Amino acid sequence: QTFFLYYVHDVVRYRSDPQGAVAYLAIVGQCAGALTCYPVGLISDGGNNNNDNAAFSGRRWSWSGRRRPFVYGACAVLAAGNLALLMCTELSQVAAVCAILGGANGVYLTMDTSLAVDTLPSSSSSSSSSVDKGRDGK
């Protein structure tokens, strides 16, 4: 965020309160990320058999439960958004791009967390693991 302050001050030429503008842009990005994370998580989990949410179950919503398209899409939007910041000349334009970047960041972080959770053992397999039983298996 330190360099973003210089960007807002020197490139966008918002000189009246650049610190406040950076805080505002950070809030815009975080709110956009918060709005995208939950629905995208539901959609990406839609193809899994252990999903209890009937509204999002099935192949129509989830691309067979795969997370890869969401990761690739989020990365493409993040790259394009960072390039779009080069073209911004007003704070309102920067806010729009920050909202898009925040939403894409929310998608990416949701998929990152989902992939990490997918690697954890299920509760039935973890109860029979040797870690829970101790070294001698008792």
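Me: Let me start with a rule: two residues are in contact when heavy atoms lie within 4.5 Å. What does Tyr7 touch, leaving aside its neighbours within four places in sequence?
Reply: This is a predicted model. In the model, Tyr7 is in contact with Val12, Leu85, Cys88 and Val94, once neighbours within four places in sequence are set aside.

Me: What makes a group of residues a nonpolar core, and which residues have the most contacts inside the largest one?
Reply: Members must be buried, come from a set list of nonpolar types, and be joined through side-chain atoms within 4.5 Å. The largest such core has 16 residues. Tyr7, Val8, Leu25, Leu85, Cys88 and Val94 have the most contacts inside it. Helices α1 (2-11), α2 (18-44) and α5 each supply at least two residues of this core. The largest share, seven residues, comes from α5.

Me: Which residues belong to the second, separate core?
Reply: That core has seven residues, including Val40, Phe70, Ala74 and Val107. In soluble globular proteins, nonpolar side chains tend to be buried together.

Me: Why are α4 and α5 called roughly antiparallel?
Reply: Start with the angle. The axes of α4 (residues 68-84) and α5 (residues 91-118) cross at roughly 155°. Angles over 145 degrees count as roughly antiparallel. The value passes that cut-off, so α4 and α5 are roughly antiparallel to each other. Their axes also come within 9 Å. The crossing of α4 with α5 is left-handed.

Me: Which residues of α4 meet α5, and how do they divide by class?
Reply: From α4 come Phe70, Val71, Ala74, Cys75, Val77, Leu78, Gly81, Asn82 and Ala84. From α5 come Val97, Ile100, Leu101, Ala104, Asn105, Val107, Tyr108 and Met111. They divide into 14 nonpolar, three polar and no charged residues. Gly counts as polar here, and Gly81 is among the residues of α4 that meet α5.

Me: How do α1 and α2 cross, and is the crossing left-handed or right-handed?
Reply: The axes of α1 and α2 come within 9 Å and cross at roughly 115°. The crossing is right-handed. Phe4, Leu5, Val8 and His9 in α1 meet Pro18, Gln19, Ala21, Val22 and Leu25 in α2. By class, that contact has seven nonpolar, two polar and no charged residues.

Me: Why does Arg13 count as exposed?
Reply: Its relative accessibility is 58%. Exposed means over 50%. The value is above the cut-off, so Arg13 is exposed. Arg13 sits in the loop between α1 and α2. Its phi is near 65°, a positive value in a residue other than glycine.

Me: Why is Pro69 called partly exposed?
Reply: Pro69 has a relative accessible area of 30%. Buried needs under 20%, and exposed needs over 50%. The value falls in between, so Pro69 is partly exposed. Pro69 is found in helix α4. The C-alpha atoms of Pro69 and Ser44 are separated by 9.5 Å, although these residues are 25 apart along the chain.

Me: How many helices and strands does the chain have?
Reply: There are seven helices and zero strands. Read along the sequence, the pattern is α-α-α-α-α-α-α.

Me: What share of the 138 residues is buried?
Reply: Buried residues make up 30% of the chain. As for contacts with a separation of 6 or more, 54% join residues 24 or more positions apart.

Conventions. Residues are numbered from 1 along each chain as its sequence is written. This is a predicted model: local features need pLDDT of at least 70, side-chain atom pairs count only at pLDDT 80 or more; totals for chains, interfaces and linings use all residues. Side-chain values use heavy atoms; hydrogens and water are left out. Axes are lines fitted to C-alpha atoms, for helices over the stretch in contact, and angles run from 0 to 180 degrees between N-to-C directions. Helices (H or I, at least four residues) and strands (E, at least two) are DSSP runs, numbered from the N terminus. Angles under 35 degrees count as roughly parallel, over 145 as roughly antiparallel, 65 to 115 as roughly perpendicular and the rest as oblique. A crossing is left-handed if the near helix is turned anticlockwise from the far one by less than a right angle, and right-handed if clockwise. Buried means under 20% relative accessible area, exposed over 50%, partly exposed in between (1.4 Å probe, protein chains only).
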